[in-house]
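Take a look at the sequence and the model below.

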Amino acid sequence: MKRSVRPLFSVLLLIAFAVTLTCRAVLRRAPRPDRISRSELSVAADPVFQFNSTLLKLAAVEVGEEKTKKEIELLLEGNFHSRGRYRSFSTWRRFNRARTSDGSQVSLRSPQFYRYWLDFRRVLQDWSRQKRFQDDIMSELIRLVKAPLDEYNGAKAADKSGRRYASCAVVGNSGILLREEFGDLIDGHEFVIRLNNARIGSFQRHVGSKTSVSFVNSNILHLCARRETCFCHPYGASVPIIMYICQAVHFLDYTLCNATHNKSPLLVTDPRFDVLCARIVRYYSMKRFVDQIGKPLEEWSSAHDGSNFHYSSGAQAVMLAVGICDQVSLFGFGKSDSAKHHYHTNQKAELKLHDYEAEYELYHDLVHTPRAIPFISDSFRFPPVTIHL
């Protein structure tokens with residue numbers, strides 16, 4: 001018994017000795033901790049680095065995500081309330097019927113509405129499944145947005161190979177536009193984006209007359225849905241509409257209005273693009289809250305009603321242009337105490353759920369230091385951006 005144990009014990013000793021020698025050799029070849037981590041430790045200890053890391057983490061948090069998920073679950077179950085954020089469904093019941101593209105009327109109590117209800121569930125489910133962060137979504141905007149618009153405009157297959165628009169003008173709605181006559185300059189761009197159905201009318205010498213696409217939030221479409229045939233075409237029925245969803249319930253408006261919007265595309269922004277824009281604007285808002293306002297970061301959410309805080313239509317329209325254009329020009333993105341909030345209305349107060357000053361910082365970085373903008377893939381190529389006013 002002893003003889004059989006000795007050879008085994010010797011083998012184990014040899015294995016242990018070999019392992020020890022190997023570990024020592026690896027440790028000798030490995031850099032010393034002070035040599036590889038000294039610079040890293042100095043960066044990590046830098047208050048600016050720590051602050052920015054904290055900002056990135058907090059900006060990535062969707063404060064109202066759980067609330068939104070619950071709302072979507074209720075909507076998919078057909079559980080609509082007459083109060084709160086579901087109030088828009090009661091609006092549907094007030095106008096009670098809509099006219100489809102073939103001229104027929106659809107009552108919400110008719111069997112035909114069931115088909116729209118199924119369509120609503122499908123688009124809402126697809127949208128909610130895709131609602132996640134993806135840092136390279138900017139590179140997909142040509143396929144997601146420009147390609148459908150090119151197809152509508154009769155572009156050949158060769159024209160849809162990834163080419164951006166040569167030049168784009170994003171026309172904001174600030175009252176400071178009335179100080180200048182940018183009309184001809186705006187109309188000289190290949191692609192012109194207008195926001196939230198702002199009127200052109202008698203303002204053409206200031207804001208131009210050309211419109212390539214109308215960019216709106218879903219609240220605008222909800223108002224349009226009350227009208228006969230869901231009319232939402234201040235620039236003409238042939239002008240495409242791109243819309244981002246403010247409330248999931250607005251997919252009801254989209255589903256019915258999409259059936260009547262047969263003369264031009266009605267596109268919904270990709271939810272991954274929505275998530276990216278939300279993170280970027282939250283980052284700039286939080287940074288400004290601490291750097292310029294001088295308040296603790298912990299107070300940002302309560303000061304901005306975190307769950308309701310949202311980027312403006314202008315911010316997302318600008319980011320859209322950055323993704324599909326070779327050159328981007330911004331008009332009407334700024335404010336003055338002596339100017340109206342919107343050039344076409346008498347509104348002077350700003351909406352509290354937006355942080356316009358933070359968005360101006362974003363536009364500044366797009367012009368001067370686009371690589372400073374977080375959450376966007378390093379592989380994305382930023383076009384030159386010019387702010388005219």
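What follows is a short tour of this structure.

This is a predicted model: local features need pLDDT of at least 70, side-chain atom pairs count only at pLDDT 80 or more, and totals for chains, interfaces and linings use all residues. Residues are numbered from 1 along each chain as its sequence is written, and side-chain values use heavy atoms, with hydrogens and water left out.

Start with the nonpolar core. The term means a set of buried Ala, Val, Leu, Ile, Met, Phe, Trp, Tyr and Cys residues joined through side-chain atoms within 4.5 Å. Buried is under 20% relative accessible area, exposed is over 50%, and partly exposed is in between (1.4 Å probe, protein chains only). The largest core has 55 residues. Met 138, Val 170, Ile 280, Met 319, Leu 366 and Ile 376 touch the most other members. Helix H12 (residues 271–291) gives the most to this core, with ten residues. Helices (H or I, at least four residues) and strands (E, at least two) are DSSP runs, numbered from the N terminus.

Now look at Ile 376. Leaving out residues up to four places away in sequence, Ile 376 touches Asp 135, Met 138, Leu 276, Ile 280, Met 319 and Phe 382. Contact here means heavy atoms within 4.5 Å. A second, separate core holds 25 residues, including Phe 120 and Trp 127.

Next come the rings. Rings of Phe, Tyr and Trp (its six-membered ring) pair if their centres lie within 6.5 Å; planes under 30 degrees apart count as stacked, over 60 as edge-to-face and the rest as tilted. This rule gives 13 aromatic pairs. Trp 300 and Phe 309 have ring centres 5.1 Å apart and planes at 75°, so they are edge-to-face. Trp 300 is buried at 2%. Phe 309 is buried too, at 8%.

Tyr 360 and Tyr 363 form a tilted pair, 6.3 Å centre to centre with 50° between the planes. Both sit in helix H15 (residues 356–368), three residues apart, so about one helical turn separates them. Tyr 360 is partly exposed at 22%, whereas Tyr 363 is buried at 1%. Elsewhere, Trp 127, Phe 251 and Tyr 254 form one aromatic cluster.

Finally, the loops. Which residue lies between strand E4 (191–195) and helix H9 (204–207)? Asn 197 lies in that loop. Its phi is positive, near 60°, though Asn 197 is not a glycine. Phe 375, in the loop between H15 and strand E9 (385–387), also has a positive phi, about 75°. Asn 197 is buried at 16%, and Phe 375 is buried at 15%.
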